Amino acid sequence: MILKPKLLTLLQNRPEEFSSRRILKDLSAGLVVACVALPLSIALAIASGVTPEKGLITAIVAGFIISLLGGSRVQIGGPTGAFVVIVYGIIQEFGMAGLLTATLMAGVFLMLMGLLKFGAFIKFIPYPVTTGFTSGIAVVLFSTQINDFLGLGLKDIPSDFFAKWAAYFQHLDLVNLPTLAVGLLTLAIIIFWPKKWRVFPGSLAALIITALLVKFAKLDVPTITSTFGQVDGTLVMPHMPGEISLEVVRKLLPPAFTIAFLAGIESLLSAVVADGMIGKKHRSNMELVATGAANVASALFGGLPATGAIARTAANIENGGRTPIAGMAHAVFLLIMMLCLMKYIGLIPMTSLAAILFLVAYRMSGWRSFTALFKAPAGDIAILLTTFTLTVVEDLVVAIEFGMVLAAVLFMKRMSDVYQITNADDDIFDEVRRKDDIDTKVIARHVTVYEINGPFFFGAANKFLDTLENHKDCKVLILRMRSVPAIDATGFHALERIYDRCRKDGVQLILSHVQKHVLKTLEKYDFVRKIGEDHICKNIDISLMRAESIVSGRQHFME
C-alpha cells in the first residue's frame with residue numbers, strides 16, 4: 001500500500017483536476033460542510049463535557065490535517081459522536097490534561113499502525129461487533145442529552161445507564177416547558193427543512209432561529225453562555241498538555257488504545273463509504289497516518305480526539321467536493337467563523353444542541369442494519385447483542401473485548417462445522433483442490449468468473465472489490481461458490497457490497513453452485529429475491545450460458 005497523501009498524488013499525476021472551476025466547486029463544498037460542522041462540533045464538545053471552542057478547534061486543526069495528509073480524496077475529519085462517551089469518561093477520571101495526553105498517545109499509535117500497514121487488518125473486525133458498539137454508543141449519547149433537552153437542571157447525574165434514567169424519571173416534575181418547546185422546535189426545523197435549501201444546513205438554521213427566539217422573547221432557557229460563561233474564541237498556540245511520565249503513560253494506555261482503535265475503524269469505514277459514492281479508492285494506511293497526525297495536533301492545540309466523519313464526508317461529496325481542497329477549505333472557513341462569530345455562539349440554547357445530538361444518535365444507531373442482523377445465524381446475533389449491551393451498561397473497551405472474543409470462538413466453531421460438512425459431502429470435497437483463497441479467470445469477453453474456496457468472510461470480499469478495479473470492461477460477474485460451505489453476517493454484508501458495486505457499475509452478478517446451507521442464509525436475508533432466482537445457477541455451465549445470453553442479448557438486467 002502506497003504511503004503518500006492523496007493530495008500529493010493528484011498534484012503530481014492529475015494536475016488537470018485543479019482547474020479554477022474545480023477549485024471553486026471544492027471551495028463551495030467546503031463552505032457548506034463548514035456550516036454543517038459548526039453546530040455539530042459545538043454540540044459534540046458540550047456533550048463531551050468541555051467548552052464549545054474545543055470542538056471547533058478539533059474540527060479546524062484535525063480537519064485540515066486529515067485532508068492535507070489523508071489517503072482519501074474527500075474525507076472530512078473532526079470530532080464525532082462515537083467519541084462523546086469515551087471523552088466524557090476520560091475527563092471524569094483523568095481530567096482535561098489526561099484527555100489531551102491520551103489523545104496525543106492515540107495519535108502516535110495510529111501513525112504507527114499506518115506505518116506498519118495495519119490498515120487492512122482493521123477491516124477484518126466482524127460486522128456484528130462494529131454494528132453493536134456503534135448502536136450502543138448512539139443509545140448512550142441519546143441518554144446523556146435528556147437533561148438539557150427537558151431542562152431538568154440536574155447537576156450530579158449518575159454515570160450508570162439505568163441509574164441515569166431512574167434519575168430522569170424521578171425528576172420529570174422539573175421539566176422546563178419553554179426549554180422543551182425550543183428543543184422540539186429545533187427538531188422540527190431540522191427534520192422538515194426543505195431539501196432544496198440544503199446548501200444552508202437545517203441544523204445551522206435551527207440554531208440561529210432558536211437563539212434569536214430565546215434572546216428577543218426573553219425565554220427562561222439555558223444557553224451556552226449561561227451554562228459555561230463567556231466562551232473564548234481565540235486559537236491558542238500549540239503546547240504540551242502537561243507533564244508526561246512513565247506512570248502517566250501507563251495509566252492512560254487503555255483509554256489511548258480505545259481512542260486509536262475507534263478512530264481507526266471510523267476513519268476507514270468513512271473512507272470506504274466515500275469510495276462507494278465517488279467510485280474511487282482510498283489508501284487505508286495513509287489514512288491512519290493522517291488521522292494519527294491529526295490527533296497529535298489536536299491534542300497540542302487543546303482539542304478533542306478526531307477521525308473521519310461519515311455525515312460530513314457525505315455532505316462534501318453531495319455538494320461537489322472531489323479533492324482534498326474541499327476538506328482544507330472547510331477547516332479554514334470554520335476558523336473564520338470561530339474568530340468572527342464566537343460572541344454570538346454563546347446565545348445558542350442548550351436544548352437546541354441536545355436536539356441536534358438526538359439526530360446524530362439516530363443516524364449513528366443504524367437501526368436498519370441492527371434489525372437486519374436478526375436474520376443472521378444465532379452466533380452473530382449473540383455477538384451483536386453482547387457488544388451492544390456491554391457498550392450501554394459497561395463501557396466500550398469491555399464491549400469490544402467481549403465481542404472480539406465471542407467472534408473468535410464462533411469462528412473456530414464454524415471452522416469445525418465446515419470440516420464436518422466437507423467430509424459429509426464427497427462431491428464438495430472432490431471439487432476443492434485449489435490452493436489459493438480466490439481463483440480468477442476471464443472466460444470470455446465481458447464475462448469474468450471469480451471462485452472462492454472456504455467460508456465466505458469479509459477479507460475475501462475486499463480482494464474481490466480490489467480486483468474489480470482492474471476489470472472495467474466486465475459486464476457479467478460470475479461468483480463461483482461451489483466451495484463455500486458457510487457464510488456469516490459479515491460475509492453476507494460483504495456480498496451485499498459486491499452486489500451494490502455491480503449495480504453501480506452496470507455489471508450483472510450471477511451466483512454459481514450455491515450450497516444449500518449458504519442458500520438458506522441468503523433466503524433469510526431476502527437476497528435471493530433481490531438478485532433474482534434466474535441469476536442463481538445450479539452449476540458453472542448454466543452460469544456461463546446465462547452470462548453469454550446477457551452479453552449477446554444486451555438485456556436490461558440492472559433495472
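The lining of the second largest pocket in this predicted model divides into 27 nonpolar, 14 polar and eight charged residues. In this division Ala, Val, Leu, Ile, Met, Phe, Trp, Tyr, Cys and Pro count as nonpolar, Asp, Glu, Lys and Arg as charged, and the others, Gly among them, as polar. The pocket has a volume of about 1500 Å³, a volume being the space filled by probe spheres set on grid points that are joined across faces, edges and corners. Its lining comprises 49 residues, of which Ala 47, Tyr 88, Gln 92, Thr 144 and Lys 164 lie nearest the centre. Helix α4 gives the most to this lining, with ten residues. Helices (H or I, at least four residues) and strands (E, at least two) are DSSP runs, numbered from the N terminus.

Pockets and cavities were located on a 1 Å grid over the protein atoms alone: a cavity is a set of points where a 1.4 Å probe fits but cannot get out, a pocket is an open set with protein on both sides within 12 Å along at least five of seven lines, and lining residues have an atom within 4 Å of a point. One cavity of 30 Å³ or more is found in the whole structure. The largest cavity has a volume of about 40 Å³ and is lined by Leu 44, Ser 48, Pro 79, Thr 80, Phe 83, Val 84, Val 87, Leu 304 and Pro 305. Seven of these lining residues are nonpolar, two are polar and none is charged.

Residues are numbered from 1 along each chain as its sequence is written. Local features need pLDDT of at least 70, side-chain atom pairs count only at pLDDT 80 or more, totals for chains, interfaces and linings use all residues, and side-chain values use heavy atoms, with hydrogens and water left out.

Helix α4 (residues 84-115) also gives the most to a nonpolar surface patch, with three residues. The patch is formed by Leu 3, Val 108, Leu 112, Leu 115, Leu 116, Phe 118, Phe 121 and Phe 124, with about 760 Å² of accessible area together. Patches are made of residues with over 30% relative accessible area and no salt bridge; like charges are joined within 9 Å, and nonpolar side chains (Val, Leu, Ile, Met, Phe, Trp, Tyr) within 5 Å. Accessible areas come from the Shrake-Rupley method with a 1.4 Å probe, and for residues only the protein chains shown count as cover. Leu 115, found in helix α4, counts as exposed at 52% relative accessibility. Buried means under 20% relative accessible area, exposed over 50%, and partly exposed in between (1.4 Å probe, protein chains only).

Eleven salt bridges are found in the whole structure, each defined as a side-chain nitrogen of Lys or Arg within 4 Å of a carboxyl oxygen of Asp or Glu. Glu 247 and Arg 250 form one of them (2.7 Å, N to O). Both residues lie in helix α12 (residues 246-278), three residues apart, about one turn of the helix. Glu 247 is partly exposed, with a relative accessible area of 39%.

A salt bridge also joins the side chains of Lys 530 and Glu 496 (2.8 Å, N to O). This pair links distant parts of the chain, with Lys 530 in helix α24 (residues 527-531) and Glu 496 in helix α22 (residues 489-505), 34 residues apart. Lys 530 is partly exposed at 35% relative accessible area, and Glu 496 counts as partly exposed at 22%. Elsewhere, salt bridges that share partners join Arg 14, Glu 16, Glu 17 and Arg 73 into one network.
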